[in-house]
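Please read them alongside the sequence and the coordinates.

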Amino acid sequence: MFDILVIDDDKNSRSLMSAVLTHDGYRVYCAENGVAGLAVMDKQHVDLIVLDVMMPEMDGYDFTKTVRETNAEMPILMVSAKILTEDKKKGFMLGIDDYMTKPIDNEEFLLRIKALLRRAKIASEKKIVVGDVVLDYDSLTVTKGEQKEELPQKEFLLLYKLLSFPDKIFTRIQLMDEIWGMDCDTGWETVTVHINRLRKRFEKFTEFEIVSVRGLGYKAVKKV
């Protein structure tokens with residue numbers, strides 16, 4: 001069971017989100033502001049934080065900044081009535097992982113929670129398991145049974161990125177920016193070259209496939 005901390009000064013919002021999360025099988029702790037939230041974290045294990053912005057004593061921005069000084073991996077979902085792009089940008093710059101505007105859609109809320117927890121698990125373990133295949137981030141290796149391959153860094157990071165978000169379509173530009181960096185002089189054709197190398201290298205693997213989405217980019221599809 002995952003433990004989720006909901007921080008919101010609005011009692012009705014806290015009650016609603018707590019009820020939705022509890023019904024879906026999560027254990028929920030609540031706090032009315034950032035100071036109270038930090039006090040909960042001192043006493044309880046927390047896997048994910050749902051956080052409002054405007055609160056007395058310590059708002060969501062200051063809370064996020066404080067948490068990120070000691071915990072870089074904690075998933076934080078900011079939920080706020082503030083809809084301006086500047087507000088969202090400020091949250092992301094301080095270290096939140098996702099942002100939703102109120103009133104929330106309960107189904108979307110739960111989907112975002114599940115996605116954040118999945119990414120956090122992958123980040124902490126630094127391994128992805130697809131059937132009999134294991135991707136190990138620390139060693140840049142892909143293992144299947146007795147077969148073990150150490151990949152060039154860019155190839156591994158590209159495959160790891162795609163399999164971290166199965167069925168999510170990434171454009172070539174997105175992949176270039178994330179794997180090679182925005183300042184890289186290499187064109188996006190490099191992505192295509194690396195995708196082709198990965199397909200050739202793992203053409204006999206039945207556990208996953210890298211699919212081209214015409215006019216958009218690429219996605220990884222798990223077969224198990």
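1. Contact here means heavy atoms within 4.5 Å. The model is predicted. On that basis, Arg-172, Leu-175, Met-176 and Trp-180 of α7 are in contact with Thr-190, Val-191, Thr-192 and His-194 of α8. Sorted by class, the residues of this contact are four nonpolar, three polar and one charged.

2. How do the two helices pack? Helix α7 spans residues 172–180 and helix α8 residues 189–201; their axes are 9 Å apart and the packing angle is about 85 degrees. Angles of 65 to 115 degrees count as roughly perpendicular, so α7 is roughly perpendicular to α8.

3. The largest nonpolar core has 29 residues, and the members that touch the most others are Leu-135, Val-142, Leu-159, Leu-163, Phe-202 and Phe-208. Two or more residues each come from β6 (127–130), β7 (133–136), α6 (153–164), α7, α8, β11 (208–213) and β12 (217–222). The top contributor is α6, with seven residues.

4. Leu-163 deserves a separate entry. Beyond residues up to four places away in sequence, Leu-163 touches Ile-128, Val-130, Leu-135, Phe-208, Ala-220 and Lys-222. Another core, of 19 residues, lies apart from the one above; Leu-5, Ile-49, Met-58 and Tyr-99 are among its members.

5. Next, the sheet. Three strands form an open sheet in the order β10-β12-β11, with antiparallel pairing. Its edge strands, β10 (170–171) and β11, each pair on one side only. Two bridges join β10 and β12 in the antiparallel sense. Phe-170 has Tyr-218 of β12 as its bridge partner.

6. Which helices pack against these strands? Helix α6 lies across β10, β11 and β12, and runs at about 65 degrees to β12. Helix α8 also packs on the sheet, where it touches β11 and β12, and its direction makes about 150 degrees with that of β11.

7. Is Thr-64 buried or exposed? Thr-64, in helix α3 (residues 60–68), has a relative accessible area of 0% and is therefore buried. Apart from neighbours within four places in sequence, its contacts are Leu-51, Ile-76, Met-78, Leu-94, Gly-95 and Ile-96. Of these, Met-78 is 14 residues from Thr-64 along the chain, and the C-alpha atoms of the two are separated by 9.3 Å.

Methods
Residues are numbered from 1 along each chain as its sequence is written. This is a predicted model: local features need pLDDT of at least 70, side-chain atom pairs count only at pLDDT 80 or more; totals for chains, interfaces and linings use all residues. Side-chain values use heavy atoms; hydrogens and water are left out. Axes are lines fitted to C-alpha atoms, for helices over the stretch in contact, and angles run from 0 to 180 degrees between N-to-C directions. Helices (H or I, at least four residues) and strands (E, at least two) are DSSP runs, numbered from the N terminus. Angles under 35 degrees count as roughly parallel, over 145 as roughly antiparallel, 65 to 115 as roughly perpendicular and the rest as oblique. Ala, Val, Leu, Ile, Met, Phe, Trp, Tyr, Cys and Pro count as nonpolar, Asp, Glu, Lys and Arg as charged, and the others, Gly among them, as polar. A nonpolar core is a set of buried Ala, Val, Leu, Ile, Met, Phe, Trp, Tyr and Cys residues joined through side-chain atoms within 4.5 Å. Buried means under 20% relative accessible area, exposed over 50%, partly exposed in between (1.4 Å probe, protein chains only). Two strands pair if DSSP finds at least two bridges between them.
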